[in-house]
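Hi everyone, thanks for making the time. Let me put the model up on the screen, and then we can walk through it together.

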Amino acid sequence: MDNGCINVTKPSMPLFEEYVDEIKSIFESHYLTNQGPKHVQLQSQLEKYLDVQHIQLFANGHLALETAINALSLSGEIITTPFTFASTTLSILNNGIKPVFCDVEPDFYTIDPDKIEQLITERTTAIMPVHVYGNVCDVKRIEEIAKKYSLPVIYDAAHAFGITAYGKSIGAWGDISMFSFHATKVYNTIEGGALSFSDDSLVAKIAALKQFGQVGEDVPYLGTNAKMNEFSAAMGICNLRHTTDNIEKRKQAVMRYRERLSGINGIKLCSEQEGVKPNYSYFPVVFSKAEFGKNRDEVANLLESNNIFARKYFYPLTSDFKCVTDLYGKSETPIAREIADNVLTLPLYSDLELGDVDRICDIILK
Ligand SMILES: *Cc1c(COP(=O)(O)O)cnc(C)c1O
């Protein structure tokens, strides 16, 4: 991050001494993985922090998502969004299921509840929406639709750590939610992830699935190996001590961005959502060349020439990936396409200086 270079994100880390202190006991016990003491401790701390019934930790968010689908024995088709990271769509494909792409709504870029029902067929077995950028999906409408058709909902909540919506933890909506603890996320365990859910009967199954599907000596389930190791859990224990502060610091950066970029012709920002306590995980900006004078790629290049690396999250749509079109052809989701073609995610992390936010805004507005 020296010589004025600013990346889209910078992973949060505890002080070196804090981490060393946390891993001392691992060196004493040689307990490196398989539900060790750090794992057990982090799991229960996260249940409290996230205010959810059950947490199961994973080696990463992607394997957690694949496991959620497996745990609910889904098949056929899952209705989902193409405006997301590759992982959402791949978790469906890798379970041998067809992703059916629903368009997003234009303000928060989350799945459009008005367009879900028309995609439901007799092969539909679930809905997998994404709280993209930490924007909360229309969880109430989705719950109504899910109830009406008796479909489970698995939320990709990779971006939604620590968010509450309408008085409930984000992880308490739907049947299962997946959190990613990847280095680049609001809260990290280096690599890691979790599933949250309230159904007691899923605890043993999900715990088995991340451990080869093993129960005792038998393997009743087609599981995988997706256990979180003790060093990651120790990182998670340290980072959790600072997450609330980090989110507050991100908020300051977001406030400054909003102050500088609101009300500019051709620049569209996401507004705050009513009833939601956000986590300020991303700052997406949609540029309209007709009104702003520059398109997304031109703004990205301009920033890059100043050593500032914004990212085209999420471009292209996952429905345009070759692995999808080879199997299922093209999907038409015009609003998602419009957003993907024009969105740029500006740098945002907890120790991003407000002076740097100003510098980024100055370059964009110049
Ligand atoms: C990061 C991410 C994932 C996958 O999480 P990993 O921990 O990197 O495996 C899934 N979905 C979305 C939307 C993500 O951004």
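Let's begin with the largest pocket: 29 residues line it, and Phe 85, Ser 180, His 182, Thr 184 and Lys 185 are the ones nearest its centre. Helix H3 (61-71), H4, strand E9 (176-180) and strand E15 (343-346) each give two or more residues to that lining. By pocket I mean an open set of points on a 1 Å grid over the protein atoms alone, with protein on both sides within 12 Å along at least five of seven lines; lining residues have an atom within 4 Å of a point. The lining divides into 11 nonpolar, 14 polar and 4 charged residues, with Gly counted as polar.

A quick word on the source: this is a predicted model, where local features need pLDDT of at least 70, side-chain atom pairs count only at pLDDT 80 or more, and totals for chains, interfaces and linings use all residues. Residues are numbered from 1 along each chain as its sequence is written, and side-chain values use heavy atoms, leaving out hydrogens and water.

Now, H4 (residues 86-93) also sits in a right-handed β-α-β unit with E3 and E4. Helices (H or I, at least four residues) and strands (E, at least two) are DSSP runs. E3 pairs with E4 (residues 98-101) in the parallel sense over 4 bridges, pairing meaning at least two DSSP bridges. Ile 79 has Val 100 as its bridge partner in E4.

What stands opposite Glu 77 in E5? That is Thr 124, and E3 and E5 (residues 124-128) are again parallel, over 4 bridges.

Methods: Right-handed = clockwise from strand over helix to strand, strands pointing away. 1 Å grid on protein atoms, 1.4 Å probe; cavity = no way out; pocket = protein on both sides within 12 Å on 5 of 7 lines; lining within 4 Å.
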